[in-house]
Structure formats: structure tokens, C-alpha cells
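This report covers the pockets of one model and a helix that contributes to their linings. The structure is shown first.

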Amino acid sequence: MIVEAESYERDDPACHAHVGLTERTAPLFGPPGHAYVYRSYGVHACLNFVCEPEGSAAAVLIRALEPRWGVGEMRRRREREGKRELCSGPGKLTEALGIGLAMNRAPLDEAPFDLRGRENGWRDVGVESCPRIGITRATELPWRFCATDSEYLSRPVPG
DNA sequence: TAGGCGATGGTCT
DNA sequence: GACCATCGCCTAC
């Protein structure tokens, strides 16, 4: 279950697409409903959902999940036991889910992805916004969105 | 709980 | 050659 995400868009200096259309940023300018997977700090893969109509270049970075299904497989991939250490960060969750750079540009409504809407018990969960994490530009924008009181965030909501 | 830091490699200037 | 949308391990308190 997605409990933390951040939004990025073209006019936002922290967004990869801010530099314009390049080979790397092309997926951001592509059709919505597709994955944008990039390598972070030379080490990790990070997953984004491309949003907005083709040509707009906006995306949502998936930053944390509450593990609910396939927890055993996540533990094997992560080589960690603690449930809170499996998906509490953008690099962690891609490792736990087996998402790599090969899935860049892949459609989110086809296998191996299987996205589902909120289920009972999650329809009324609150969402808080605060500044985004790990960026140096446009730090004033409150575009980090977290499920209220979730124990599975990458970091607590400040305040 | 917070801060420092090395690993690591593609992208862009 | 600089810059990172990070992680895990370490210290200090």
C-alpha cells in the first residue's frame, strides 16, 4: 500500500524534466500511466508514475509502501527481517519489489505491474503534505504526501 | 533521534 | 568534473 509519494513537474527546478527533453527524461514527457525508473546516486533504482498528458512532463515518485502482500519475498530480496525496513524509502521499495531499470517506460496497467485502488479501511486515511526529501532546489514546495500516522514512512512528517 | 560519510555510476555542463 | 529525487553503518547524545 502506497503511504508516501512526492510530485514533480516540469517547471519545478527539482524535477529531472526541468532540463528539458533528453534521452534520460524522455519517459517523463511520454504518455501517463507509465513507469519512469532512474538510477539514484549510482546505486539504487527509483520508481515514478508518469502523470499528466503526453508532453507535459510530470511524475510522482513512490517513496514508501506498507508491505501487505509477498512480505516473505520482500525479505529475501532485501535480506532484512524488519517489516519496517523493507519499503521505507524509494530505493528500498524497488529492491523489495524487484523493480529495476529494465522497467523504465513500462505501462503501469500491465504485468508485471498490478496497481489497485484503495480498499476498505484505507478510504478514509488522511494525507498530510510537507517539504520533499533529499533535494536541494525548490525545497519550499510542500509536495511530499504521507498517509497520516503511518509507521512505514521513509522519515517522519516534520512538526 | 540526528548528523557524518563512503559507495557508486549516469547525466549534464 | 560536478552533481545528485539514496542507503546503511557509524558516532554522539
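What volume does the second largest pocket have? The second largest pocket has a volume of about 730 Å³.

## Basis

This is a predicted model, in which local features need pLDDT of at least 70, side-chain atom pairs count only at pLDDT 80 or more, and totals for linings use all residues. Residues are numbered from 1 along each chain as its sequence is written.

A pocket is an open set of points on a 1 Å grid where a 1.4 Å probe fits, with protein on both sides within 12 Å along at least five of seven lines; lining residues have an atom within 4 Å of a point.

## Second largest pocket

Lining this pocket are 33 residues, with His16, Tyr38, Ser40, Tyr41 and Gly134 nearest its centre. Helix H3 gives the largest share, four residues. The lining comprises 15 nonpolar, 11 polar and seven charged residues.

## Largest pocket

The volume of the largest pocket is about 1100 Å³. Its lining has 37 residues, and Met1, Ile2, Leu65, Trp69 and Leu115 are the closest to the centre. S1 supplies the largest share, four residues.

## Helix H3

H3 spans residues 90–97, and its buried residues are Pro90, Gly91, Leu93, Thr94 and Ala96. Buried means under 20% relative accessible area with a 1.4 Å probe; helices are DSSP runs (H or I) of at least four residues, strands (E) of at least two. These buried residues pack against strands S3 (44–51) and S4 (58–65) and helix H2 (71–78). After H3 comes Gly98, with a positive phi near 70°.

Definitions and conventions:
Chains lettered and ligands numbered in written order. Heavy atoms only, no water. Buried < 20%, exposed > 50% of the residue type's maximum accessible area, 1.4 Å probe, protein only. Contact = heavy atoms within 4.5 Å. Points joined across faces, edges and corners; volume = space filled by probe spheres on them. Nonpolar A, V, L, I, M, F, W, Y, C, P; charged D, E, K, R; others polar.
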